[in-house]
Amino acid sequence: MENEVGREVAEALGELLKRSLRSNLYQGLTDGLGEAVDEVTYPVLSGLARYGPCSAAELAAEVGLDRSGVSRRASRLEAGGLVRRGPDPADGRSVLLTLTEEGDRTVAVMRQRLAGRIEASLSSWPPAEARAFARGLRRFIRDGPFGEG
């Protein structure tokens, strides 16, 4: 009984973090957004939107891919007009990945779809309970085993 809640949360997180579950979600969020945008390139688009211009190595560390995987995905996104590569003003030897305007618009659509899916899944919850869940989740991420504080 001592670690029951911890085990329950750990099991739920294990399910949430499963690659197949994420892939399914990403597929729905990227459907119809162009040939370059799919469940494989989603983490690169989303990561660039979250972290801003960065190198493939920096982005790889943030999104849980290796540098070559980020580079391959970025090449697809670049061919689709969603990402551009350019010199790093702080280090001319380094290349930065940046979202284009079209990339920004695509991310906005994906974020809108994600928010809609979350809202729909919480629609049967009492509003106060849904807000408490959102606050609790944010606090758990910030203060829990994943946080820095």
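Tutor: Two residues are in contact when their heavy atoms lie within 4.5 Å. The model above is predicted.

Student: Among contacts in the protein between residues at least 6 apart in sequence, what share joins residues at least 24 apart?

Tutor: Contact here again means heavy atoms within 4.5 Å. Among the contacts between residues at least 6 apart in sequence, the share that joins residues at least 24 apart is 46%.

Student: In what order do the elements of the protein run from the N terminus on?

Tutor: The protein has seven helices and two strands. Written from the N terminus on, the elements run α-α-α-α-α-β-β-α-α.

Student: How many residues lie in the hairpin that joins E1 to E2?

Tutor: Strand E1 covers residues 83–88 and strand E2 covers residues 91–99. The two strands run antiparallel and are joined by six bridges. The number of residues through which the hairpin joins E1 to E2 is two.

Student: Which residue in E2 is the bridge partner of Arg84?

Tutor: E1 and E2 are antiparallel strands with six bridges between them. In E2, the bridge partner of Arg84 is Thr98.

Student: How are H4 and H5 oriented to each other, parallel or perpendicular?

Tutor: Two packed helices are described by the angle between their axes and the distance between the axes. For helix H4 (residues 56–63) and helix H5 (residues 67–79), the angle is about 105° and the axes are 8 Å apart. Angles of 65 to 115 degrees count as roughly perpendicular. H4 and H5 are therefore roughly perpendicular.

Student: How many residues in the contact of H4 with H5 are nonpolar?

Tutor: H4 contributes Ala56, Ala57, Leu59, Ala60 and Val63, while H5 contributes Arg67, Val70 and Ser71. One residue of this contact is polar and one is charged, and the number of nonpolar residues is six.

Student: Which residues in H4 meet H3?

Tutor: H3 and H4 pack at an angle of about 100°, with axes 10 Å apart, and they are therefore roughly perpendicular. By class, their contact has six nonpolar, one polar and one charged residues. On the H3 side are Pro43, Val44, Gly47, Leu48 and Tyr51, and the residues they meet in H4 are Leu59, Glu62 and Val63.

Student: Which element gives the most residues to the largest nonpolar core?

Tutor: The largest nonpolar core has 21 residues, and those with the most contacts inside it include Leu45, Leu59 and Val83. Elements giving two or more residues to this core are helix H2 (19–30), helix H3 (42–51), H4, H5, E2 and helix H6 (101–121). With four residues, the element that gives the most is H3.

Student: Which residues does Val83 touch, not counting residues up to four places away in sequence?

Tutor: Val83 is one of the residues with the most contacts inside the largest nonpolar core. Setting aside residues up to four places away in sequence, Val83 touches Leu45, Leu48, Ala74, Leu77, Glu78, Leu97, Thr98, Leu99 and Thr100.

Student: Is Asp38 buried or exposed?

Tutor: Asp38 is found in the loop between H2 and H3. Buried means under 20% relative accessible area. Asp38 has a relative accessible area of 19%, so Asp38 is buried.

Student: Leaving aside its neighbours within four places in sequence, which residues is Asp38 in contact with?

Tutor: The C-alpha atoms of Asp38 and Tyr26 are separated by 7.0 Å, and these residues are twelve apart along the chain. Neighbours within four places left aside, the residues in contact with Asp38 are Thr30 and Arg76.

How values were computed:
Residues are numbered from 1 along each chain as its sequence is written. This is a predicted model: local features need pLDDT of at least 70, side-chain atom pairs count only at pLDDT 80 or more; totals for chains, interfaces and linings use all residues. Side-chain values use heavy atoms; hydrogens and water are left out. Axes are lines fitted to C-alpha atoms, for helices over the stretch in contact, and angles run from 0 to 180 degrees between N-to-C directions. Angles under 35 degrees count as roughly parallel, over 145 as roughly antiparallel, 65 to 115 as roughly perpendicular and the rest as oblique. Ala, Val, Leu, Ile, Met, Phe, Trp, Tyr, Cys and Pro count as nonpolar, Asp, Glu, Lys and Arg as charged, and the others, Gly among them, as polar. Two strands pair if DSSP finds at least two bridges between them. A nonpolar core is a set of buried Ala, Val, Leu, Ile, Met, Phe, Trp, Tyr and Cys residues joined through side-chain atoms within 4.5 Å. Buried means under 20% relative accessible area, exposed over 50%, partly exposed in between (1.4 Å probe, protein chains only).
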